[in-house]
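Please examine the sequence and the three-dimensional structure shown below. The paragraphs that follow lead through a few of its features in turn.

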Amino acid sequence: MMGLMAGEETRTMTPPTGRGAAAHDAGKPGGAATRAWTMRLLVLGIVLSALNLRPAITSLGALLEEVRDGLGMSGSVAGLLTSVPPLCFAVFGVMAPRLARRFGAGAVVCAGMAAIATGLLVRPYAGGTAGFLAGSALALMGIAVSNVLMPVIVKHWFPDRVGSMTGLYSMALALGTALAAAVTVPLTDTLGGSWQTGLALWAGLAVAAVLPWLPFVRGRATPPGAGEEHAGATQTPGPASPSASAEHARGEAPRLRMTRSRTAWALAVFFGLQATAAYITMGWMAQIFRDAGVPAGTAGLLLAVTMVMGVPLAFVIPRLATRLPHQGPIVLALGVCGLAGYAGLYLAPAAGAWAWAVLLGVANCAFPLALTMVGMRARTGQGVARLSAFAQSTGYLISIPGPLLVGVLYQHSGGWGLPIALMSALMIPQMAVGFLAGRDRTVEDEAAR
């Protein structure tokens, strides 16, 4: 994959683009080699960053019972803890385009990886629930800004490969998610059985992700479309209408108001409902299996199976989605898998555990599909940046009550019947709005002002 990307015309975080870039650099000694190495470093940075976007959450899910016992948490407080990720993603994600405009996307992602490393290292030893929440929030802040900027970076640097590059980092994200779910419990046991050590060890992966972005920090460059007031910025649009091309040629871009776009709202609600399902799964599925009599290590492996399903499918689904005029059928297929998985969890959680884990893993691939649709529902870098920030921030706000409500229902009902019924009920509107978001439309046509 890195070799395929090496031909892209990229030198710094704000290079010339298109045919002009090729002519600009053709006669420079070492220009092609510099571009190739820069592109390889950029792809490495994207992959390592994606690997770090979920271990902070799934490593906690695997050890949630130990953390609850160690910190004296009730079920309701644990539900609040599982709601912290979407809250942080909503609050901090909306800041990402402005930060990228001021400091450059590379610098923001680099700082995000550093925040993840620091938060993961600090939270197990901060002392008490409040300290644990503060450390988690710091790590999740770094994840939030990186979440928003990844589609922007892909749209800018790989405008003709949105599907394949979205699939690459979605696959890496799924791999990191599954890895943390699978190995956290056995590594914790190997390192002495301390849940603090088991959670803190993931800081090392985040430190590694800082390194590829360091060369991009000093440029303080702005990715096109990172902010709506970026006058004169070079943009790398996707397929554009004649009017959009004319505006681009004049250095003008339509100011977008996402709240006017039905497509943006459909995508935001779809993003929020799939995030609700994902964070309930990451935070509570291992506990569902443990309460059904499945050993802790096996429950962690089952969660890992759910997450690892996204490794191949996160690469296949975005590529398939970019070739279809309407992504609604994919949304419906994933939703049916989710409903079947929830039915299995309710009827026979232990007997069919592996089958339910696979089905819910397929359903969770709504996340890479949503990211792909963010890149497809806008024509320009500015549109993708605005849509990504709106859809993710609004979506994560929508997802906040879900994990918390599951914790409350679990504690007060004494079982998993009501929480699973809630999960199943939420899948129906997710399928409906996802079908609407999959229509072949762009936000520039609906939200320009």
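A residue is called buried when its relative accessible area is under 20%, exposed when that area is over 50%, and partly exposed in between, with a 1.4 Å probe and protein chains only. Arg 323 is exposed, because its relative accessible area is 62%. The model is a predicted one, in which local features need pLDDT of at least 70 and side-chain atom pairs count only at pLDDT 80 or more, whereas totals for chains, interfaces and linings use all residues. Residues are numbered from 1 along each chain as its sequence is written, and side-chain values use heavy atoms, with hydrogens and water left out.

Arg 323 lies in the loop between helix H16 (310-322) and helix H17 (328-347); helices (H or I, at least four residues) are DSSP runs, numbered from the N terminus. Arg 323 and Gly 163 are 160 residues apart in sequence, yet their C-alpha atoms are 8.8 Å apart in space.

The next element to consider is helix H14, residues 262-291. Of the 30 residues of H14, 26 are buried, so the helix is largely enclosed by the rest of the structure. After H14 comes Gly 293, which has a positive phi, near 100 degrees.

Rings of Phe, Tyr and Trp (its six-membered ring) pair if their centres lie within 6.5 Å; planes under 30 degrees apart count as stacked, over 60 as edge-to-face and the rest as tilted. The structure holds eight aromatic pairs. In one of them, the ring centres of Phe 271 and Tyr 396 are 5.2 Å apart and the planes stand at 85 degrees, so the pair is edge-to-face. This pair links distant parts of the chain, since Phe 271 belongs to H14 and Tyr 396 to helix H20 (residues 381-399), 125 residues apart. Phe 271 counts as buried because its relative accessibility is 0%, and Tyr 396 counts as buried at 1%. Phe 271, Tyr 279, Phe 367 and Tyr 396 form one aromatic cluster.

Notes: Helices (H or I, at least four residues) and strands (E, at least two) are DSSP runs, numbered from the N terminus.
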